[in-house]
Amino acid sequence: MSTSKSYLEYILDSLSGLEDITYKSMMGEYIVYYRKKIAAYICDDRLLVKPVNAAKRLLPDAPLEPPYEGAKPMLLVEDTDNRELLERIFNEMYDELPERGKNKPADRLCCYAAKIPKFGAD
């Protein structure tokens, strides 16, 4: 099941007090960036934040759920109506979020090329 556009708009509206919130669509779901760092996912009409220490402290009873099958679990934010809490979570976890990595096409190509069997090899 993918996230509805209305749920995305609801979450973005709830985060509208923060500057530099952006998102990227990914196969019917969304990655939420805060000041250019990945902070959360919106999947299956759920808001999931990175399980960094600040988020765990602010959401001590939040269940850990994977955003999609095979993904690392994240903290489910159940009180999405609480704008002040959402802003506090994003602000306090910001310093703990990893910097966005740069894609290295040449490295990726080498990894893929290493997995391709040679034609005619036994």
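View 1. Helix α1 (residues 5–14) lies across β1, β2 (29–34), β3 (37–43) and β4 (46–49), running at about 160° to β1. Axes are lines fitted to C-alpha atoms, for helices over the stretch in contact, and angles run from 0 to 180 degrees between N-to-C directions. Helices (H or I, at least four residues) and strands (E, at least two) are DSSP runs, numbered from the N terminus. This is a predicted model, in which local features need pLDDT of at least 70 and side-chain atom pairs count only at pLDDT 80 or more, while totals for chains, interfaces and linings use all residues. Residues are numbered from 1 along each chain as its sequence is written, and side-chain values use heavy atoms, with hydrogens and water left out.

**View 2. The buried face of α1.** Tyr7, Leu8, Ile11 and Ser14 are the buried residues of α1 (buried: under 20% relative accessible area, 1.4 Å probe, protein chains only). Seen down the axis of α1, they fall within an arc of 125°, so they line one face of the helix; the arc is that of the directions from the helix axis to the C-beta atoms. These buried residues pack against β1, β2, β3, β4 and α3.

**View 3. Surroundings of Ser14.** Ser14 lies in helix α1 and is buried, with a relative accessible area of 4%. Its side chain reaches the backbone oxygen of Thr80 at 3.4 Å. Leaving aside neighbours within four places in sequence, Ser14 is in contact (heavy atoms within 4.5 Å) with Thr80, Arg83 and Leu86.

**View 4. Helix α3 on the sheet.** Helix α3 lies across β1, β2, β3, β4 and β6, and runs at about 30° to β4. In α3 (residues 83–93), the buried residues are Leu85, Leu86, Ile89, Phe90 and Met93. Seen down the axis of α3, these residues fall within an arc of 130°, so they line one face of the helix.

**View 5. The open sheet and its β5 edge.** Six strands form an open sheet in the order β1-β2-β3-β4-β6-β5, with antiparallel pairing (two strands pair if DSSP finds at least two bridges between them). The edge strands, each pairing on one side only, are β1 (21–26) and β5 (64–65). Two bridges join β5 to the antiparallel strand β6 (residues 74–77); Leu75 in β6 is the bridge partner of Leu64.

**View 6. Confidence along the chain.** The protein chain averages a pLDDT (the predictor's confidence in each residue, from 0 to 100) of 87, and 82% of the residues score at least 70. Confidence is highest in β6, at 98, and lowest in helix α4 (residues 105–115), at a mean of 47. Over residues 104–118 the pLDDT is below 50, and beyond near neighbours in sequence this stretch has one contact in the model.

Notes: Buried < 20%, exposed > 50% of the residue type's maximum accessible area, 1.4 Å probe, protein only. Polar contact = N/O pair within 3.5 Å; in protein donor to acceptor, adjacent residues only side chain to side chain.
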